[in-house]
Amino acid sequence: MRSLWGIAATVLSLIYTVIFAPPSAIGSLFANGHAATPIIRAWSWCIIRTCGVRIEMEGLENLRGIGPCVIVSNHQSLFDILASILMLPGEVRFVAKKELLRIPLIGFILHKSENIVIDREAGGKAIRRAREVVDHGYSICVFAEGHRFSDNRVHEFSDGAAWLAILNKLPCVPMAISGTSKMMPRGAKFVVPGGRMRMKIGTPIPTNGLRSGDRAELTRKLEAAVHAAFTTEVS
């Protein structure tokens, strides 16, 4: 029965994408992308509920009153993105690879709704884009391992998140996501439904007074905080 649920949930998730992607694309053209946010949240909610994903959230008090920030997390599954959209307060945008722009309509939504699409050969452009995104009231979420890992471990972080935070004078907030590696691992065709995931937000790390040369040390602190909060067993 669970396998049938997984197939049905995957098919329904694709149907939700067909339904929600066009209005999300239209909404991304208005109010600096803010008009797309409630549509994208509804899209995420439908997928998460259909797949029976239960989310445990810890540490939300660490985000109170700090304003826009850079949230730095590990990455195991597409559900990490959906849960972050749905559960994090305020409005969050993501750092994404430029290759995602090639996906029809999804790439358009990513770009126009104020996400930061990284071109590794144009780092300065990413900094300017990040400043615009923050000025428009968004926090930035960075999956610092570079891509998804499905082995239920936290891998080495790149220093891109720390670099963005320092140059934009934003606090960094570590976030550990546990339990999603089993839901839809890399290469899986169908979701494994009915799972439980945990999101744990750590203590913000200020970047006031830091320089670009401090990004390696800041990255190590963020990685250590995520390691400490991560669990291989979600209760």
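**Exercises: patches and cysteines**

I19 lies in helix α1, which spans residues 2–27. The model used here is predicted.

**Exercise 1.** Name the residues that form the positive surface patch, and decide whether K125 is buried or exposed.

*Solution.* 
- The positive patch consists of K125, R128, R131 and K169.
- Locate K125: helix α5, residues 123–135, contains this lysine.
- Now take the cut-off: exposed means over 50% relative accessible area.
- K125 has 57% relative accessibility, so K125 counts as exposed.

**Exercise 2.** Work out how many disulfides the structure holds, and check C69 and C172.

*Solution.* 
- The count of disulfides is zero.
- Check C69: its nearest cysteine sulfur belongs to C172, 8.5 Å away.
- Check C172: the nearest cysteine sulfur is that of C69, at 8.5 Å.
- Compare with the cut-off: a disulfide needs two cysteine sulfur atoms within 2.5 Å.

**Exercise 3.** Decide whether C69 and C172 are buried or exposed.

*Solution.* 
- Recall the cut-off: buried means under 20% relative accessible area.
- C69 has 2% relative accessibility, so C69 counts as buried.
- C172 has 0% relative accessibility, so C172 counts as buried too.

Note on methods
Residues numbered from 1 in each chain as written. Predicted model: local features only at pLDDT ≥ 70, side-chain atom pairs only at ≥ 80, totals over all residues. Heavy atoms only, no water. Patch = residues over 30% accessible without salt bridge, like charges linked within 9 Å, V, L, I, M, F, W, Y side chains within 5 Å. Areas by Shrake-Rupley, 256 points an atom, 1.4 Å probe, with all protein chains shown as cover. Salt bridge = Lys/Arg side-chain N within 4 Å of Asp/Glu carboxyl O. Lys, Arg positive; Asp, Glu negative; His and termini not counted. Charge placed at Lys NZ, Arg CZ, Asp CG, Glu CD. Helix = DSSP H or I, 4+ residues; strand = E, 2+ residues; numbered from the N terminus. Buried < 20%, exposed > 50% of the residue type's maximum accessible area, 1.4 Å probe, protein only.
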